[in-house]
Amino acid sequence: MNRYWLVILVMCCLAACSGETPAATPGQSGRQTTAAGPTRTRLPTATPTRPPTATPTPFPAHAPRPSPTPPPAAPPTPRPRPAAIPLPASTSNLDAAGWTVWVRNLADVISRQPAVAADGRVYLTAGKTLYAFAADGSEAWRATLAPEAAAGAAAEVIAAPDGRVMVIAGNTLYTFAADGAPGWHWSGEDALTALPAFAADGTAYLMTNRSNLWAFAPDGSVRWTTRPCAMSGSGPWPGAAVGLDNTVYAACLDASVYALDPTSGDILWAFTPPDAGETRRSIVTTPLVGSDGTIYAADELGTLFALRPDGQLRWSVQLARGLVAPASLALAPDNAVYLAVANRLFLVTAEGTVRRTFDLDLQQLSGLFGQNSPVAVAADGSLIAKTTNQELLRFAATGEVLWRVLLAEQTGVAPSPPAVGLAHHRLYIGLGPQLRAIQMDDVLMEAEALLLTAAAAPSEVRLPLMPAAALTPLNEQLAAYRAYQGLQALHWSPDGALLAAAGAQGVRLFAGRGDSPPIALNQGIETAALAFDPTAPYLAAAARDGTVRIWDLDSLARLASIRHDAPLADPAGLVFLRGERQEPYLLLFAPPVDDQVGHLYLYDLSDIADPQLYAVYSFTTSSITSAYATAADGRHVVVGDFLDGVQAYSLPDGPLGSRVFKPFGPPNALAVSDAGNYAAAGTLAGRVQAVHLDSGFMIADIRPPADVTYVNTQAIVFRQGWDEIIYGESFRDVADEADQGRVAWWSLPDNVLLGAYYTETAITHLALHPAEQFLAVATETSLLVTDLEEWGANR
């Protein structure tokens, strides 16, 4: 039954009707599996049995499984509940949660809860990738999920006690060894939304949305399968838990909690509340087992049950009427139980007394309709919970609210549910594409803000920008030919053998080692843009008059000439790219000249001697197109407008998934990471900001030091994927009022300035060598290549 209609049915029954559904005997799944995967037998859907009793019923292993009806037990005495405590005011500063230990920026948004192993290793899925990070934040390994796992909703990851990693995606379970090696996988006809439970011998118990419970040995073989009840449907499903004696406890959205033999899967007993027939209540939470063997479960009407290991009722308490968050049932070390019902969070002691009730106002704990848990319990018994309003709260085991942080205003995207590593007492949370590890301490420490504020240390030594000693011949040629004069484009060839500079006098190609004279192309023709083909020895250059020429670098023969109808304004651009079937294209970016409409011209180069116009894409601006950049593959384009910020496009199949990013101040320089996941913008307001393009999440907001007045950021490049950026700017020193330039090298995850080198005039262009060791830097009075390894040695 669909979960929505199930809830409607229950509420209708509460208001107007009573009676029982005729009993039906639940069948056992006959589906078996081998190393190659299970065979599947479709089961009929049966009406679940609801015995109206509080007494557990034993099920002998050798007999069929009837649904007995013992005499009803007396209902438990209602327990008083204290008044709900309103939450304190929220802060928007994540520092309240603790000290940020490390940050990692990923390619895709993190929507599922991270999983933390006993050794502190953190696992999570983002997009099509499974990541493993060591406790210190270094990446241990990553694995690309199968296409069927990556399709649809994000995959859930689980860290098994024996070190294995499991990923649930749709109806498939994938396993990986602790070192990232792929293990066995299993796929069935039923959807998987319940998380697996693990026994001490490595057996994994997994419930499906048709109430089929599977027991998998560590090698992936099926030890047994059974169907405790006949419920089936969609949406979240309760799962299984393992007791102290390895007994398996399960619920399946009928009225009972089941105990099963771990070796055979036979049902040992079933507990059903005495009024189940009248209320048609269903157990909606996965059972929890306390350190004393007590089994806890809650129904959809807000009643919490505590059972003894033999199935007898210890106590029950009616908490509230309202929708129960199935994944919010959590256990503290002292066996106190947390449960969210409607807009309240209850803390119930092991004796069944409500210790605290928290009023969540109009919020609820998120994760109501998914397998994600909205809560995490720390080693000290405190609970960290995420609400539907994107707030993060920490409750002490004694009931106090330790802190409350509003995340929505900071991220602009829904954070992931929180996870806690018990080994290091750390909180892990996904904020858009960013994974943050936060050290939780009783004494709150000063920490970095979520929007990273950067400033050079007052004691910083202003080192001059020095040419690379290893490339002295090249630097001598750059100085001799005054290649910086009128410079408009600067690029390295894909193999790093050539440095191309384009400007007022045409194009010059300098050998990377300076061991041959430079080559002149487009001589005497003002050239606005350059592009190297990453898969062929081709160079394209766009002249100011709109003519695009393509040369073969091996023979220096001109292969094609494309006449564009209008002159090119700043900032013009060129890039080679490949289509879905690897068809070659050339993209010409032509910003608007006389109106507010610009164009992206896409030329088909299947016949390199006769390029054909394939498509024209238009874009509009509110003022002036001030910046342009593409990813390395040319498929991701960002355009900056002086007033309206940044627009993003995906090519060549059309401007798909466009999104506007508004940096602080007019954008004047743009960069896109190689894979097209991140963009960085330098503004006229002296800020450098980096964002994840799919979500709009800002990973860095770098601000100028207090002792300078920044005028402009004119060039930005990404390094190490999207972990570092290098940017060039011009500023005026407050002390001597002199105009200067600075090249800054910044680590985005660590919020650390890796190096800052100064020039006497403004930085105009940057070009990073493919090997990422050498950086070409153009100023108003020079062009040189510097060595980043020497920067690191001089820090």
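Of the 795 residues in this chain, 58% count as buried, where buried means under 20% relative accessible area, exposed means over 50%, and partly exposed lies in between (1.4 Å probe, protein chains only). This is a predicted model, in which local features need pLDDT of at least 70 and side-chain atom pairs count only at pLDDT 80 or more, while totals for chains, interfaces and linings use all residues. Residues are numbered from 1 along each chain as its sequence is written, and side-chain values use heavy atoms, with hydrogens and water left out. Welcome, and here is a tour by topic.

**The chain as a whole**

- Six helices and 64 strands make up the list of elements in the chain; helices (H or I, at least four residues) and strands (E, at least two) are DSSP runs, numbered from the N terminus.
- Among the contacts in the chain with a separation of 6 or more, 49% are between residues 24 or more positions apart; contact here means heavy atoms within 4.5 Å.
- The chain has an accessible surface of about 30800 Å², and carbon and sulfur atoms account for 53% of it; such areas come from the Shrake-Rupley method with a 1.4 Å probe, and for residues, only the protein chains shown count as cover.

**Nonpolar cores**

- The largest nonpolar core has 47 residues, of which L427 and I725 touch the most other members; a core of this kind is a set of buried Ala, Val, Leu, Ile, Met, Phe, Trp, Tyr and Cys residues joined through side-chain atoms within 4.5 Å.
- Strand β35 (residues 426-431) gives this core its largest share, four residues.
- Another core, of 39 residues, lies apart from it and includes A215, L304, W315 and L329.
- Not counting residues up to four places away in sequence, I725 touches A680, V688, I702, I716, V717, F718, A744, W745, W746 and L748.

- L474, N475, Q477 and L478 are the buried residues to look for in helix α5 (residues 472-480).
- These residues sit on the same side of α5 because they cover an arc of only 160° around the axis, the arc being that of the directions from the helix axis to the C-beta atoms.
- Turned away from the buried side of α5 is a face with the exposed residues E476, A479 and A480.
- The packing partners of the buried residues of α5 are β38 (489-492), β39 (498-503), β40 (506-511) and β64 (783-787).
- After α5 comes R482, which has a positive phi, near 50°.

**The disulfide**

- One disulfide turns up in a search of the whole structure, a disulfide being a pair of cysteine sulfur atoms within 2.5 Å.
- Its partners are C229 and C252, with sulfur atoms 2.2 Å apart.
- This pair links distant parts of the chain, 23 residues apart: C229 belongs to the loop between β17 (222-226) and β18 (240-242), and C252 to the loop between β19 (248-250) and β20 (257-260).
- C229 and C252 are both buried.

- M166 is part of strand β11 (residues 165-169), and M166 counts as buried because its relative accessibility is 0%.
- Leaving out residues up to four places away in sequence, M166 touches E156, V157, I158, L173, Y174, T175, W184, P196, F198 and A204.
- From the C-alpha atom of M166 to that of L195, 29 residues apart along the chain, the separation is 9.7 Å.
- R281 is found in the loop between α3 (276-279) and β22 (288-289), and R281 counts as buried at 6% relative accessibility.
- A polar contact (3.2 Å) joins the side chains of R281 and T303; the term covers a pair of N or O atoms within 3.5 Å, and within protein, one must be able to donate a hydrogen and the other to accept it, while residues adjacent in sequence count only if both atoms are side-chain atoms.
- T779 is located in strand β63 (residues 774-779) and counts as buried at 4% relative accessibility.
- The side chain of T779 has a polar contact of 3.4 Å with the side chain of T761.
- T779 and T764 are 15 residues apart along the chain, with 5.2 Å between their C-alpha atoms.
- T713 lies in strand β58 (residues 708-719) and is buried, its relative accessible area being 0%.
- Neighbours within four places in sequence aside, the contacts of T713 are N668, A669, G682, T683, R687, V688, Y727, G728 and E729.
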